[in-house]
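Please read it alongside the sequence and coordinates shown here.

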Amino acid sequence: MASRFDFFTSTISLLIILGSDAFTTSTSSTKVEETLQFTYSGAMGPDKWASLNPNFSLCATGKLQSPINIVSARAVGNKKSKPLIRNYRAVNVSLVDNKYTVAIEYPDDTGDITLDEKQYRLRQMHWHSPSEHRINGNRFAAELHMVHVSDDGKVLVVGTLFQLGRPDPVLQTIDKKLYELGSEYISRSRSRSRYYIQVGVFHPAELRTSLSKYYKYTGSSSVPPCTEHLIYLIIAKPRSISKQQVAALKAPLDIRCKNNARPCQPLNARHVQLYQD
Ligand SMILES: *[C@@H]1O[C@H](CO)[C@@H](O)[C@H](O)[C@H]1NC(C)=O
Ligand SMILES: *[C@@H]1O[C@H](CO)[C@@H](O)[C@H](O)[C@H]1NC(C)=O
């Protein structure tokens, strides 16, 4: 596991908040405030991120930042779209709470997605609530980011939006673990910055939403250090999630990170492409 995290922290700062041992501060006297590197509200909120650490400067100066509001009428249709090939297998996973988000971490051999003949391996996925991306100004109840990384360190994020409604069957398979993570948070000493729960076998293929229509654009990590040149594929059709599930995703998080959605960023010179079968 250690080498996997080293890989994350040294090559993709995107996952800095999930992977860095630096944040797993060692002394039990460490206060929660010191382990959080940023928050979603208050004095360390999104408009202050760049001032919190010199390594976070892109959060203010970057021109390819995420999330964005996708205006469907302005998306450029791309007829040359090649089918996306997803190839995942069942693996043992752990559920992680790092106070900013709840995540599932995948082992190296989970599988990959192929886009334009390049393979990106599934490494991790995490939830934001409410959604970070908007479509035509509409915000959704939650958003799942499946983070894939190629061998040369390119990051591809598949984003799925969720509207309130019926429970999400995939989340239902880990509901119990999620509640466990939430309730443990209340009783535990609050000095540790990462909590793990073994989930057991999980098949990411269950997450296969239809990829027959999706938006694609170049963006950034939506958390500090806001690293750019990530490929985002935002699936056009939202899935549904229940209120209880949204609450369960928020329960383990720090109070200032419960609404863990960065505001939309300027599109600048970028174009969003639309892929449709
Ligand atoms: C900035 O990032 C570098 C490289 O990862 C790291 O060595 C340094 O400690 C970071 N600076 C701060 C203030 O966190
Ligand atoms: C998951 O872990 C259990 C216990 O270590 C093991 O028996 C099982 O084969 C593993 N399954 C997969 C798909 O790796």
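Glu117 counts as exposed because its relative accessibility is 69%, where exposed means over 50% relative accessible area, buried under 20%, and partly exposed in between (1.4 Å probe, protein chains only). Glu117 lies in the loop between S6 and S7, and it has a positive phi of about 65° although it is not a glycine. This is a predicted model, in which local features need pLDDT of at least 70 and side-chain atom pairs count only at pLDDT 80 or more, while totals for chains, interfaces and linings use all residues. Residues are numbered from 1 along each chain as its sequence is written, chains are lettered from A and ligands numbered from 1 in the order in which they are written, and side-chain values use heavy atoms, with hydrogens and water left out.

S6 and S7 form a hairpin with two residues between them, and Asp116 in the turn has a positive phi of about 50°. Helices (H or I, at least four residues) and strands (E, at least two) are DSSP runs, numbered from the N terminus. Strand S6 (residues 111–115) is largely enclosed by the rest of the structure, because five of its five residues are buried. In a regular strand the side chains alternate between the two faces of the sheet. In S6 both faces are covered, with Gly111, Ile113 and Leu115 buried on one side and Asp112 and Thr114 buried on the other. Two strands pair if DSSP finds at least two bridges between them; S6 is joined by four antiparallel bridges to strand S7 (residues 118–128), and strand S3 (residues 85–88) pairs with S6 in the antiparallel sense, also over four bridges. Within these pairings, Leu115 has Lys118 in S7 as its bridge partner, and Tyr88 stands opposite Gly111 in S6.

Elsewhere, Asn268 also has a positive phi, of about 55°, although it is not a glycine; it is placed in the loop between helix H8 (243–250) and strand S15 (273–276), and it is partly exposed, with a relative accessible area of 42%.

**Buried loop residues**

Gln65 is found in the loop between helix H5 (58–61) and strand S1 (69–70), and it is buried, with a relative accessible area of 2%. Its side chain makes a polar contact (a pair of N or O atoms within 3.5 Å; within protein, one must be able to donate a hydrogen and the other to accept it, and residues adjacent in sequence count only if both atoms are side-chain atoms) with the side chain of Arg262 at 2.8 Å, and another polar contact, of 3.5 Å, joins the side chains of Gln65 and Ser220. Leaving aside neighbours within four places in sequence, the residues in contact with Gln65 (heavy atoms within 4.5 Å) include Leu58, Cys226, Glu228 and Arg270.

Leu36, in the loop between helix H3 (32–35) and helix H4 (49–52), counts as buried at 4% relative accessibility. Its C-alpha atom is separated by 8.3 Å from that of Tyr100, 64 residues apart along the chain. Beyond its neighbours within four places in sequence, Leu36 is in contact with Met44, Lys99, Tyr100, Asp254 and Arg256.

**Nonpolar cores**

A nonpolar core is a set of buried Ala, Val, Leu, Ile, Met, Phe, Trp, Tyr and Cys residues joined through side-chain atoms within 4.5 Å. The largest has 41 residues, and Ile104 and Trp127 are those with the most contacts inside it. Apart from it lies another core, of 18 residues, including Ile68, Ile135, Phe140 and Ile234.

**Ligand 2 and the whole chain**

Ala90, Asn92 and Val201 are the residues around ligand 2, each having a heavy atom within 4 Å of it. An oxygen atom of ligand 2 is 2.3 Å from an N or O atom in the side chain of Asn92. The protein covers 30% of the 360 Å² of accessible area that ligand 2 has on its own, with areas from the Shrake-Rupley method and a 1.4 Å probe; for residues, only the protein chains shown count as cover.

The protein chain contains eight helices and 15 strands, and 55% of its 277 residues count as buried.
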